[in-house]
Amino acid sequence: MNEIIPKIKPSAPLSLKKNVINKIKMERNKMKKLKIKGLSAVAAIFVALLVLPFIFSANNEARAAMNMISESIDKSEDLKTMVMKYLMLTTPSENFDEIRYDADGSMIEHTATISFEGAHKWRLEKSGRTSVFDGVNSYSWVNEIGWMANGLTGFFGDFEKFLDPQNILRYEQQLAKDDGSEISMNENGNQIILTIKSKAKGDFKNDYAKNSSILESDNKRTYTFDRETKLLQALKVEILYNKKYETVFETTSILYNVSVDIDKLLARPNIEWVKLDKPLNNSLLTGIKSKEAAKLIFTALANKNIEPVKEAFIGWNMKTIELFFGLELIELGEPFKSGLYAGEYVPYKIKLANGKIKKFNIALRNDNENNVWVVDGGL
Amino acid sequence: MFKLKNKINELESIIEEYQNQLFSFAFFRVGSYYIAQDIVQDVFLKFFQDKKNYNHIKNMKTYLLKSVSNACIDYKRKYGKIKIVPIDFINNDVADDDEEQKCVAEFLRIEDLLNELPAEQSDVIKLKFVDGLNFVETAEILNVSVNTVKSRYRYGIDKLRQTNKIKENYYE
């Protein structure tokens with residue numbers, strides 16, 4: 001009677017549900033991986049970066065808005081400290097300049113503490129990651145893994161470029177060429193509210209990076225200024241996704257000139273720091289196309305020996321790298337550029353040591369001093 | 001955003017409820033943990049991406065089983081009837097080797113038992129004995145009438161008896 005009935009039936013692997021949910025997240029991330037280009041030290045920096053396209057705008061409303069922004073920048077010059085709390089669509093340990101869509105759609109709380117007295121000092125933290133700039137060096141850590149570099153680094157995102165007001169203006173001039181934005185200014189009691197809508201920027205012949213950052217998305221920024229002090233009170237950033245604006249960044253409080261304990265601001269754990277700012281040298285990864293670099297990198301991972309290409313993994317955690325040891329490279333596609341990304345994406349298909357097939361795009365860039373290809377993401 | 005969160009929560013509940021049955025179903029069609037997992041994952045993904053909501057689905061179990069069944073048919077069409085993946089390739093987190101090997105052995109035994117039957121008969125018999133479905137559910141999955149299912153079942157069972165592969169009638 002029992003011949004046809006299986007004596008044993010397999011149970012679904014524990015990873016099945018996780019894989020489905022992760023894949024959904026990944027698909028969403030592909031569409032919604034957003035890079036907020038840093039966090040500004042002062043309200044003026046936010047203002048300056050996000051309204052860049054409008055500085056030379058011809059219409060009156062835009063001109064009035066630019067006057068408002070200029071006044072805010074002026075007022076911000078006298079600030080001694082600022083503590084800003086904001087929510088961002090990201091994950092607890094993700095880079096600060098990236099917004100990631102998480103399955104539960106939660107916004108992660110961040111706190112930025114900045115002292116403008118003497119050399120500017122910053123501390124930016126969320127539950128899984130902290131970054132500190134002590135005026136000379138930058139530090140960033142996730143649990144026991146720490147990175148450091150001289151000067152301002154990518155720890156704070158691209159906003160570091162804008163710490164110098166002159167740089168801000170230069171950047172504004174550059175972006176002012178864009179005239180496809182809409183600006184509106186409204187008064188609401190003691191508040192002045194600026195709303196700016198911009199179209200995505202970048203090369204989207206291949207639209208892979210479309211919606212991968214605020215600048216690469218159709219987006220809307222809403223600034224609220226105090227009419228009297230002209231200081232920024234709030235900022236909200238939304239991106240247009242599926243014909244609907246979704247909030248990806250929103251300040252919850254901005255306090256100016258509050259007492260800040262500098263020792264606490266600069267405190268960092270006693271861990272080993274990986275130096276990120278030493279010049280990269282690797283003849284294998286220089287003077288070749290990105291596809292060849294990708295092949296070398298995957299081959300090293302397949303051979304469980306990244307020594308020949310270790311520079312490609314600058315700043316990577318060894319445990320993460322080891323997840324790819326023993327892989328089998330099945331296919332490499334043709335590299336492409338997309339959006340504003342300085343590097344190239346190389347499509348790949350690999351079989352991991354555990355048998356899983358992975359198909360994605362490795363992000364490689366070589367815009368460093370010696371043009372060494374490094375892995376920027378996508379593994 | 002919250003709608004999406006709810007949708008994901010809903011999907012998680014559906015996965016939890018049906019994953020074992022769907023995985024077993026796929027496994028006994030393709031004979032590989034790895035491929036069965038891939039197929040079921042893909043079905044859930046497509047299900048998530050395609051469905052604005054799940055309210056219109058009358059019978060979730062047969063709806064999903066039918067999707068997995070179609071995916072298995074597609075797989076076999078593309079890669080051949082059965083493709084056993086060597087144990088070495090199988091993901092360590094999929095299951096322990098021992099259980100997996102026993103299941104593969106069981107799969108091969110049942111394949112051998114049914115291999116002389118026409119596919120339409122072995123499909124019905126598998127759905128009944130391997131997947132534990134009744135004739136109504138089977139008819140829904142195979143897109144045929146219940147009567148057709150019953151007659152295929154009888155023909156199949158008769159043939160198995162004639163070839164001494166089973167000892168009893170198994171008639172309802």
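Modeller: F313(A) is buried, with a relative accessible area of 4%; buried means under 20% relative accessible area, exposed means over 50%, and partly exposed lies in between, using a 1.4 Å probe and protein chains only. W316(A), at 24%, is partly exposed. This is a predicted model in which local features need pLDDT of at least 70 and side-chain atom pairs count only at pLDDT 80 or more, while totals for chains, interfaces and linings use all residues; side-chain values use heavy atoms, with hydrogens and water left out. Residues are numbered from 1 along each chain as its sequence is written, and chains are lettered from A and ligands numbered from 1 in the order in which they are written.

Aromatic rings come next. Rings of Phe, Tyr and Trp (its six-membered ring) pair if their centres lie within 6.5 Å; planes under 30 degrees apart are stacked, over 60 edge-to-face, and the rest tilted. Over all chains there are 17 aromatic pairs. One of them joins F313(A) and W316(A) edge-to-face, with 5.9 Å from centre to centre and 90 degrees between the planes. In chain B, F27(B) and F28(B) also make an edge-to-face pair, at 5.3 Å centre to centre and 80 degrees between the planes. Both F27(B) and F28(B) are buried. These two belong to a cluster linked by ring pairs, together with F23(B), Y33(B) and F107(B).

A ring can also have a charge over it. The rule asks for NZ of Lys or CZ of Arg within 6 Å of the ring centre and within 35 degrees of the ring normal. K220(A) lies over the face of Y245(A), 4.6 Å from the ring centre. Over the ring of Y139(A) sits the charged end of R268(A), 3.8 Å from the centre.

Now the salt bridges. The term covers a side-chain nitrogen of Lys or Arg within 4 Å of a carboxyl oxygen of Asp or Glu, and the count over all chains is 15. K205(A) and D203(A) form one, at 3.5 Å from N to O. Here K205(A) is exposed at 78%, whereas D203(A) is partly exposed at 32%. In chain B, the closest N and O atoms of E111(B) and K126(B) are 2.6 Å apart in a salt bridge. This pair links distant parts of the chain: E111(B) is in helix α4 (residues 97-114) and K126(B) in helix α5 (residues 119-130), 15 residues apart. Helices (H or I, at least four residues) and strands (E, at least two) are DSSP runs numbered from the N terminus. Both E111(B) and K126(B) are buried.

D158(B) and R161(B) form another salt bridge, with 3.8 Å between the closest N and O atoms. Both lie in helix α7 (residues 146-162) of chain B, three residues apart, or about one turn of the helix. D158(B) is partly exposed at 24%, and R161(B) is partly exposed at 34%. In chain A, salt bridges link R365(A), D367(A) and D376(A) in a network.

S140(A) belongs to strand β5 (residues 137-142) of chain A and is buried, at 0% relative accessibility. Its side chain meets that of R129(A) in a polar contact of 3.4 Å. Such a contact is a pair of N or O atoms within 3.5 Å; within protein, one must be able to donate a hydrogen and the other to accept it, and residues adjacent in sequence count only if both atoms are side-chain atoms.
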